[in-house]
Amino acid sequence: MAGERILIIEDEARIAQFVERGLIYEGYRVNVARDGQTGLAIARDNPPDLVILDWMLPGLDGLEVCKRLRAAGDVPIIMLTAKDDVKDRVMGLDAGADDYLVKPFSIDELMARVRSLFRRSTPTSRPEVLRFADLTLDTGTHRAHRSERAIDLTAKEYELLELFMRNPRQVLTRDVIFDRVWGYDFGGESNIIEVYVRYLRQKTEQGSEPRLIHTVRGVGYVLREE
Ligand code: CA
């Protein structure tokens with residue numbers, strides 16, 4: 001570990017301490033905030049490399065904190081939640097969270113997700129511009145363009161689009177997408193891939209722009225021309 005700085009925003013002392021100890025043991029530098037306002041202030045003064053954010057917080061709730069963090073930059077955000085239903089999950093993704101962990105969770109599970117987000121957000125090679133049809137993706141800036149139109153992506157949206165752009169016209173199964181983008185088993189019934197594909201389509205198919213990410217029913221998805 002390179003001593004990345006992680007900010008925990010969690011009001012429950014027991015959980016905050018459990019997470020903090022686990023992260024410190026793995027070599028991360030950790031800040032803890034017990035409410036959203038404090039968390040935002042720490043993030044502003046001492047920008048973290050990743051944020052672990054509880055959903056239910058006194059005052060500003062986790063969703064609002066997530067939106068404000070997202071408005072200020074693209075730090076990876078893992079939300080902790082007791083809510084495991086699809087609607088809540090989608091709300092969190094809308095707010096810009098990159099990942100979810102449902103309480104109660106094991107420290108091993110949390111570490112796997114932290115490592116996965118760091119692995120994905122660390123450039124492993126020289127930046128390049130990937131191209132498919134009129135879509136381009138800059139692996140340095142993580143920005144996409146459709147023709148001249150700039151597209152802002154969250155960290156997970158970027159990873160998913162990069163996977164498609166590196167494998168054009170190849171059908172990617174749900175298993176492959178899980179493995180390559182999330183790096184662990186999110187659970188068989190999860191609709192997380194559908195949710196992210198929907199976000200990518202909303203961002204990459206505006207007006208009369210033809211669809212590029214196609215569903216292969218019962219199998220997965222493919223990036224191809226219509
Ligand atoms: Ca809480």
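Tutor: Let's begin at Asn 167, which touches Leu 172 and Arg 180, leaving out residues up to four places away in sequence; contact here means heavy atoms within 4.5 Å. Keep in mind that this is a predicted model, where local features need pLDDT of at least 70 and side-chain atom pairs count only at pLDDT 80 or more, while totals for chains, interfaces and linings use all residues. Residues are numbered from 1 along each chain as its sequence is written, and side-chain values use heavy atoms, with hydrogens and water left out.

Asn 167 sits in the loop between helix 6 (155-166) and strand 10 (172-173). Helices (H or I, at least four residues) and strands (E, at least two) are DSSP runs, numbered from the N terminus. With 13% relative accessibility, Asn 167 counts as buried, a word that means under 20% relative accessible area, while exposed is over 50% and partly exposed lies in between (1.4 Å probe, protein chains only). A polar atom of the Asn 167 side chain is 2.8 Å from the backbone oxygen of Leu 163.

Now step back to the whole chain. It is divided into domain 1 (5-121) and domain 2 (129-223), with bounds from an automatic or database domain assignment. Taken over C-alpha atoms, the centres of domain 1 and domain 2 are 24 Å apart. Across the boundary, 16 residues of domain 1 are in contact with 18 residues of domain 2.

What do the domains share? The largest nonpolar core has 51 residues, and Leu 53, Met 79 and Ile 177 have the most contacts inside it. Such a core is a set of buried Ala, Val, Leu, Ile, Met, Phe, Trp, Tyr and Cys residues joined through side-chain atoms within 4.5 Å. Helix 8 (residues 192-204) gives the most to this core, with 7 residues. Because domain 1 and domain 2 both give residues to this core, it lies between them.

Finally, look at the open sheet of 5 strands, ordered 2-1-3-4-5 with parallel pairing; two strands pair if DSSP finds at least two bridges between them. Strand 2 (29-33) and strand 5 (99-102) are at the edges with a single partner strand each, so one side of each has no neighbour in the sheet. Further in, strand 1 (residues 5-9) and strand 3 (residues 50-54) run parallel, joined by 4 bridges.

Technical notes:
Polar contact = N/O pair within 3.5 Å; in protein donor to acceptor, adjacent residues only side chain to side chain.
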